Each structure stands twice: as C-alpha cells, then as structure tokens.
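Here is a friendly walk through one model, written for someone opening it for the first time. Have the viewer ready and follow along.

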Amino acid sequence: MVKKNRGMIVGSIGAGKSTLTNALLGRENKAVKTQTLNYDNWLVDTPGEYTENPLHYKTIMATSLEVSHVLFVQDATKKKNDFPARL
Ligand SMILES: Nc1nc2c(ncn2[C@@H]2O[C@H](COP(=O)(O)OP(=O)(O)OP(=O)(O)O)[C@@H](O)[C@H]2O)c(=O)[nH]1
Ligand SMILES: [Mg+2]
C-alpha cells in the first residue's frame with residue numbers, strides 16, 4: 001500500500017543520493033557505497049546501479065509503489081544522464 005509522505009531517491013552512481021539522504025535525515029555520518037535498497041525513516045535510498053542498469057528497473061518500479069514521492073538526483077557537473085528522455 002502507498003504510504004503517505006514517503007520518498008525514494010533514484011539517480012546514477014555517485015550522483016549524491018546517499019549524501020542527500022543523510023542531509024535530509026540529519027545524519028552526520030559520511031555516505032558510503034549503497035549496495036542495496038536502504039530503508040531509513042521516511043526515505044528509501046537506492047544504489048545507482050538500479051538506475052543505470054535496466055535489469056533493476058523492476059525493483060525500482062515495485063519500490064516506487066510503496067512511496068508517495070520519487071526524488072530524481074542528477075550530478076549537475078556531469079553531462080551523462082541516465083534518466084529516460086521526456087521523463
Ligand atoms: N561536490 C559535491 N560532491 C558531492 C555532493 N553530493 C555528494 N558528493 C560526493 O559524491 C560522492 C558520491 O556521493 P554519494 O552520496 O555516495 O552518491 P550516491 O548517489 O549515493 O552513489 P551510489 O550509492 O554509488 O549510487 C561522495 O564522494 C560525496 O562526497 C555535492 O552536492 N557536491
Ligand atoms: Mg548511495
């Protein structure tokens with residue numbers, strides 16, 4: 001069931017998803033490589049591989065049904081964009 005006010009963060013490897021997650025949740029620790037779906041409070045952090053590799057799209061789609069908001073994170077210093085056009 002969709003839970004209200006729950007977010008999932010997606011984006012390329014190294015885009016800054018875990019750093020943003022830590023900032024939003026007020027965590028002081030430095031982000032380490034995300035290996036799997038990471039449920040923490042109202043946020044679900046995802047590994048960048050799930051956005052970059054279409055084999056993982058099903059997981060992203062299924063998890064997105066559990067949350068009310070999906071946050072797309074793009075490294076503004078990179079030209080490479082892993083999000084589909086016209087998303
Ligand atoms: N300059 C700059 N560096 C950042 C920013 N956010 C994150 N970083 C750096 O980028 C690197 C990767 O950040 P993460 O937050 O681990 O990236 P991620 O999207 O969670 O990566 P994966 O877990 O591999 O998918 C780290 O060295 C961070 O210090 C930012 O806003 N600006
Ligand atoms: Mg991460």
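The text below starts with the ligand sites and then visits a few residues one by one.

First, some ground rules: this is a predicted model, where local features need pLDDT of at least 70, side-chain atom pairs count only at pLDDT 80 or more, and totals for chains, interfaces and linings use all residues. Residues are numbered from 1 along each chain as its sequence is written, chains are lettered from A and ligands numbered from 1 in the order in which they are written, and side-chain values use heavy atoms, with hydrogens and water left out.

**Around ligand 1**

Let's begin with ligand 1, which has 13 residues around it (a residue counts if one of its heavy atoms lies within 4 Å). Lys 17, Ser 18, Thr 19, Lys 33 and Gly 48 come nearest. Sorted by type, the shell holds four nonpolar, seven polar and two charged residues. Here Ala, Val, Leu, Ile, Met, Phe, Trp, Tyr, Cys and Pro count as nonpolar, Asp, Glu, Lys and Arg as charged, and the others, Gly among them, as polar. Helix H1 (residues 17–25) gives the largest share of that shell, three residues. Helices (H or I, at least four residues) and strands (E, at least two) are DSSP runs, numbered from the N terminus.

| Residue | Its part in the contact | Distance to an oxygen atom of ligand 1 |
|---|---|---|
| Ala 15 | polar backbone atom | 3.2 Å |
| Thr 19 | N or O atom in the side chain | 2.5 Å |
| Lys 33 | polar side-chain atom | 2.6 Å |

Taken alone, ligand 1 exposes 650 Å², and the protein buries 54% of that. Such areas come from the Shrake-Rupley method with a 1.4 Å probe.

**The magnesium ion**

Which protein atoms are the donors of ligand 2, the magnesium ion? They are OG of Ser 18 and OG1 of Thr 34, lying 2.0 Å from the ion. Donors are N, O and S atoms within 2.8 Å of the metal (3.2 Å for Na, K and Ca); water is not among the atoms, so sites may look incomplete. The pair links distant parts of the chain, 16 residues apart: Ser 18 sits in helix H1, and Thr 34 in the loop between H1 and strand S2 (38–40). Are these two buried or exposed? Both Ser 18 and Thr 34 are buried (under 20% relative accessible area, while exposed means over 50% and partly exposed in between; 1.4 Å probe, protein chains only).

**Two buried threonines**

Next up is Thr 46, in the loop between S3 and helix H2 (48–52). Thr 46 counts as buried because its relative accessible area is 0%. A polar atom of its side chain lies 2.6 Å from the backbone oxygen of Ile 9. Not counting residues up to four places away in sequence, Thr 46 touches Met 8, Ile 9, Val 10, Lys 17, Thr 34 and Leu 37 (contact means heavy atoms within 4.5 Å).

Thr 21 lies in helix H1. With a relative accessible area of 6%, Thr 21 is buried too. Leaving aside neighbours within four places in sequence, Thr 21 is in contact with Ile 9, Leu 43 and Asp 45.

**Out towards the solvent-accessible side**Asn 41 is in the loop between S2 and strand S3 (43–45), and Asn 41 is exposed, with a relative accessible area of 58%. Beyond four places in sequence, Asn 41 is in contact with Arg 6, Leu 25 and Arg 27.

Finally, Phe 72 belongs to strand S4 (residues 69–73). Phe 72 is partly exposed, at a relative accessible area of 45%. From Phe 72 to Val 10 is 62 residues in sequence, yet 5.2 Å in space, C-alpha to C-alpha.

Methods: A polar contact is a pair of N or O atoms within 3.5 Å; within protein, one must be able to donate a hydrogen and the other to accept it, and residues adjacent in sequence count only if both atoms are side-chain atoms.
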